[in-house]
Amino acid sequence: MEGVGSNLKVVESSRRIRYCDGLLRVLGLLLTLVAAILTGAHKETKTIPISITKTLPTLHFFVSNAIAFSYAAASLVASMAVRTSKDKTGLVVVILDMAIMGLLLSANGAAIAVGILGQYGNSHVQWRKVCNSFGGFCHQMTAAITLSLVGSLVFFWLVAVALLNLHKKSR
């Protein structure tokens, strides 16, 4: 009888982890979608490219949220389709979750830095603040960055849940 009780706990725990994973993926999808819409839909929007190096193409805050949204949608479908897969699909999804989390965090950091310059300016290089002129834009970008940061945390929790699941399976 001992084996039956412990197997039941594993199945119940596995269901709970899949439910949590699915819920987090839907939440990540919605947060990054709304952040991308807020960023791209405002009339006062000024696109400011972020160049990492001269050899790489520029990356925009809108694009990073659109990539995260697209990945969240694809990973949601993949996680539902491959529920009991014994191959390395789960590992690939966790690695991609970490990559998307890194993409969002770096884009958010750059957007926050530009936002602070827009809000306060920089007297040392004679950059004036612009949020007093483009208030609607600044408020909308603040909301988009906040949603995107929460989306980054959702992808962090996806990785944490996967690691917790891996730890439980190893025991």
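1. A residue counts as buried when its relative accessible area is under 20%, as exposed when over 50%, and as partly exposed in between. With that in hand, take Leu 105: its relative accessible area is 43%, so Leu 105 is partly exposed. Please keep in mind as you read on that this is a predicted model.

2. Where does Leu 105 sit? Its place is in helix 3, a helix that covers residues 89–120. Leu 105 also belongs to a nonpolar surface patch of about 470 Å², which it makes together with Ile 112, Ile 116, Tyr 120 and Leu 149. Helix 3 gives the largest share of this patch, namely four residues.

3. Setting aside neighbours within four places in sequence, Val 93 is in contact with Arg 25 and Tyr 71. One further distance may be handy for your own checks: the C-alpha atoms of Val 93 and Leu 158 are 9.8 Å apart, while 65 residues separate the two along the chain.

4. Now to the annotation. The unreviewed UniProt entry places the feature "transmembrane region" at residues 22–41, 61–82, 94–121 and 141–166. How much helix does the model show over residues 22–41? The chain there is 95% helix and 0% strand, with 28 Å between the end C-alpha atoms. Over residues 141–166 the chain is 100% helix and 0% strand, and the end C-alpha atoms lie 37 Å apart. Arg 25, one of the contacts of Val 93, falls within the annotated residues 22–41.

5. On to the cysteines. How many disulfides does the model hold? The count comes to one, and this disulfide joins Cys 131 to Cys 138, with an S to S distance of 1.9 Å. A disulfide is a covalent bond between the sulfur atoms of two cysteines. Are Cys 131 and Cys 138 buried or exposed? Both are buried. The torsion about their S-S bond is about -85°, and the disulfide is therefore left-handed.

Methods
Residues numbered from 1 in each chain as written. Predicted model: local features only at pLDDT ≥ 70, side-chain atom pairs only at ≥ 80, totals over all residues. Heavy atoms only, no water. Patch = residues over 30% accessible without salt bridge, like charges linked within 9 Å, V, L, I, M, F, W, Y side chains within 5 Å. Areas by Shrake-Rupley, 256 points an atom, 1.4 Å probe, with all protein chains shown as cover. Salt bridge = Lys/Arg side-chain N within 4 Å of Asp/Glu carboxyl O. Helix = DSSP H or I, 4+ residues; strand = E, 2+ residues; numbered from the N terminus. Buried < 20%, exposed > 50% of the residue type's maximum accessible area, 1.4 Å probe, protein only. UniProt positions renumbered as here; feature names shortened; annotations may be inferred. Disulfide = S-S within 2.5 Å. Contact = heavy atoms within 4.5 Å.
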